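Here are a few notes to read alongside the model. Have a look at it first, then work through the points below.

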Amino acid sequence: MKSEHIVIVGAGIVGAASAIWLRRAGKEVTLIDKGEPGMGASYGNGCILASSSVVPVTGPGLLRKAPAYLADPNFPLFMRWSYLPKLVPWLVRYMSHANAGDTRRISQGLTTIVGDSLEQHQALTHGTDASKWVCESDYSFVYKDRAAFDADAFSWKLRAEAGFVPELVEGGEVHEREPILSEAAGLLAVMKNHGFILNPGSYVKDLVALLEQLGGRFVQAEVKDFDVSGGAVSAVETTEGRFECDKAVIASGVWSKPLMGKLGISVPLEAERGYHIVYKGPSEVPNNPMMLAEGKFVATAMNQGLRCAGIVEFGGLTEERSKAPLALLRKKVKAFFPRLEADGEEEWLGFRPAPTDSLPLIGEVGTSGVYAAFGHHHIGLTGGPKTGRLVADMITGQHSNNDMRPFQPMRFAKG
């Protein structure tokens, strides 16, 4: 009996993980991407396997605070104002979730995807060359003092409900643990059982190489459409020809929106424009990855240098970098790491897929045989392997103990 052929669109962390788990389950797999593996949003993240990242941006009070945030040049949220008219419909739906009830519901959903991130990355790569990129570590949230930590009480309550309770470090021990920090840092909230990836771009490339070693195939092409003329997908149409298939997976991040449109689903998805700077040859680095709570950026020592990431901008898919976000990131890095020097810097801008309800789309699109696996905001690297495993389980008929209802892609279908 011939094995089912699955075509996966998107060679980022989610697509690569989906492909590997499906190939391990005995399926024929073709992974397709218009670019090189791992060079989209999977390349430019903060490198952290942030299992405790279960708190969405849309927390209680955001609607009241948002105008002040946008007007504050020192707050790491930027807007390309010419894009605002296009953004408004998405923004209205996004902000409608900025309340305690929705925040808790979203947090519970995110926990399913990211809560066991380190273990999922280890399972994906066990016994392979790709395992060299997966590192275990603590993950510290940095605050100026106990009052600043207490001001985040709602977020920490959500993390505690997900099973993440920090060790609090104060006083002189803060700088004993992390000498790189300025004297303004007075408290570390340290999370155990986390990790990071030494180089996300190289990691995903190695995952795709692993897929090929397992007998899967990677094709560089742009996907144009799905043939669902018989009621379910039978082929994927690309710039390199037609690929017959039994099922398909859409895992192409922000580029998934127009592909979902081919299936009649209009996903309220915007590009969260994320920036990072890699400090090459840094004079010092953190001992563990850290989130600078006041600065709203993460810092991770990786094999390219010290990567600092976290500034967000809304303004569509233009490749043009804005000067202000990068200038603010440099200012924040200097404030928290005053003695840091580097041989050079590398800037990056990428596009993170942001649905209005902050939850990824995971599951079959109706009865089309096409499965969604995208929309992870800033948790794509963290939640990629779990998402890939869940999608593979759905396609192979394995039953999951996870509640997948929050991720149903048909939640955006018009009734």
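1. Ring pairs join Tyr 139, Phe 141, Tyr 143, Phe 149 and Trp 156 into a cluster. Rings of Phe, Tyr and Trp (its six-membered ring) pair if their centres lie within 6.5 Å; planes under 30 degrees apart count as stacked, over 60 as edge-to-face and the rest as tilted. Across the whole structure, a search turns up 10 aromatic pairs.

2. Before going further, a word on what you're looking at: this is a predicted model, where local features need pLDDT of at least 70 and side-chain atom pairs count only at pLDDT 80 or more, while totals for chains, interfaces and linings use all residues. Residues are numbered from 1 along each chain as its sequence is written, and side-chain values use heavy atoms, with hydrogens and water left out.

3. Back to the rings. Tyr 139 and Phe 141 have ring centres 5.0 Å apart and planes at 50°, so this pair is tilted. Tyr 139 is buried, at a relative accessible area of 3%, and Phe 141 is buried too, at 5%. (Buried means under 20% relative accessible area, exposed over 50%, partly exposed in between, with a 1.4 Å probe and protein chains only.) Tyr 143 and Phe 149 make an edge-to-face pair, with 5.5 Å from centre to centre and 85° between the planes; both of these residues are buried.

4. Now turn to helix H1 (residues 13-24) and helix H5 (residues 117-125), which pack at about 55° with their axes 11 Å apart. Helices here are DSSP runs (H or I, at least four residues), strands are E runs of at least two, and both are numbered from the N terminus. H1 and H5 are therefore oblique to each other; angles under 35 degrees count as roughly parallel, over 145 as roughly antiparallel, 65 to 115 as roughly perpendicular and the rest as oblique.

5. Who touches whom here? On the H1 side you'll find Ile 13, Ala 17, Ile 20, Trp 21 and Arg 24, meeting His 121, Ala 123 and Leu 124 of H5. Contact means heavy atoms within 4.5 Å.

6. Two loop residues are worth a click. Cys 47 isn't a glycine, yet its phi is positive, about 75°. Cys 47 sits in the loop between strand S2 (28-33) and strand S3 (48-49), and is buried, with a relative accessible area of 0%.

7. Ser 358, also not a glycine, has a positive phi near 65°. You'll find Ser 358 in the loop between strand S17 (344-355) and strand S18 (361-364); Ser 358 is buried, at 6% relative accessible area.

How values were computed. Axes are lines fitted to C-alpha atoms, for helices over the stretch in contact, and angles run from 0 to 180 degrees between N-to-C directions.
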